[in-house]
Each structure stands twice: as C-alpha cells, then as structure tokens.
Amino acid sequence: MRRRAPLAVAAALGAGLALAGCSADSGPELKVSGAFMPQPVDDMAAGFLTVENGGGGADKLTSVTSTISDDVTIHETKDQKMREVKAFDIPAGGTLDLARGGSHIMFMSLKQQPKQGEKVSVELHFEKSDPIKVELPVKETTYNPQKH
C-alpha cells in the first residue's frame, strides 16, 4: 500500500499540471455583434461590426468574402484617409470595432444593390479561428448605431 500512494500523488499532480497548462493557453473565442451595412448609393458599400474576443489568445481578421462582390477588402481610416490593410488585430480579451469613421469592410463593384431591410451574407476569415458567417442587415444610408 505504501508504494501506491506516491504513484497516486504523482499521477494527480501530473494531471493537475496538464489541466493548468490547457486553461492558461486558451485560444481566441470570437463573437460578432452589431453588424450592419448602410444601403449603398452606388456600386460600393461598407460594412461594420464588432468582433469580441473572450479568449486568452489573440487573433487577426485577415479577410472577408461575400457573394455580393468579388472585391471585398478591409480598410482603416487614419487622419481622415482610408487605406487597405492586410489584417486587423483582435487582442485576447479585447475587441475589434469596425465602425463609421474608422476601420471597416469595403465592398467594391457590387453585383446587386441591396435595399434597406435585406441582409447581406459575409464570411469573416481569421488567422487562427474558424471562419464566421455573418448576416449584415441593410440599414438606411445614414444609419449610425451611436445615434440610435
């Protein structure tokens, strides 16, 4: 009986360390909210949303795809100038806000003109996480969630 006790203690400690290692190194846990697209007035449109990362690991939004356009890019706005970027960081425990006047999704050469009340399907692609499909409700052209 005496020889089994140290083995049981060693096994329990090993299992505890393995579990502690798993929880300390949790990956990203992404959730999307607040998605919308203002009704476009020409053959371009913008999309806005928030990606929340409740996990312990960072991730990056690397691209967006949609059936409404073959040319979908991600942009940031700095000093009132818009420029395409390769990726957006999503910090562990943080958020990525794609909002009017700032970073956003850009849809060029629209295949059709979505109207207010319709939804546009997009798929968000990340460096580490699986893609997330999102429906962007089409709002009035001047819609701004901060004012509603």
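Contact means heavy atoms within 4.5 Å. This briefing concerns a predicted model, in which local features need pLDDT of at least 70, side-chain atom pairs count only at pLDDT 80 or more, and totals for chains, interfaces and linings use all residues. Residues are numbered from 1 along each chain as its sequence is written, and side-chain values use heavy atoms, with hydrogens and water left out.

**Strand pairing**
- Strands are DSSP runs (E, at least two residues), numbered from the N terminus, and two of them pair if DSSP finds at least two bridges between them.
- Strand S3 (residues 59-66) pairs with strand S9 (residues 119-126) in the antiparallel sense, over five bridges.
- Within this pairing, leucine 61 faces phenylalanine 126 of S9.
- S9 also runs antiparallel to strand S10 (residues 132-139), with six bridges between them, and a hairpin of five residues links S9 to S10.
- Serine 121 lies opposite glutamate 135 in S10.

**Threonine 73**
- Threonine 73 belongs to strand S4 (residues 71-78).
- Threonine 73 counts as buried because its relative accessibility is 13%, where buried means under 20% relative accessible area (1.4 Å probe, protein chains only).
- Beyond neighbours within four places in sequence, threonine 73 is in contact with Glu84, His104, Ile105 and Met106.

Methods: Helix = DSSP H or I, 4+ residues; strand = E, 2+ residues; numbered from the N terminus. Buried < 20%, exposed > 50% of the residue type's maximum accessible area, 1.4 Å probe, protein only.
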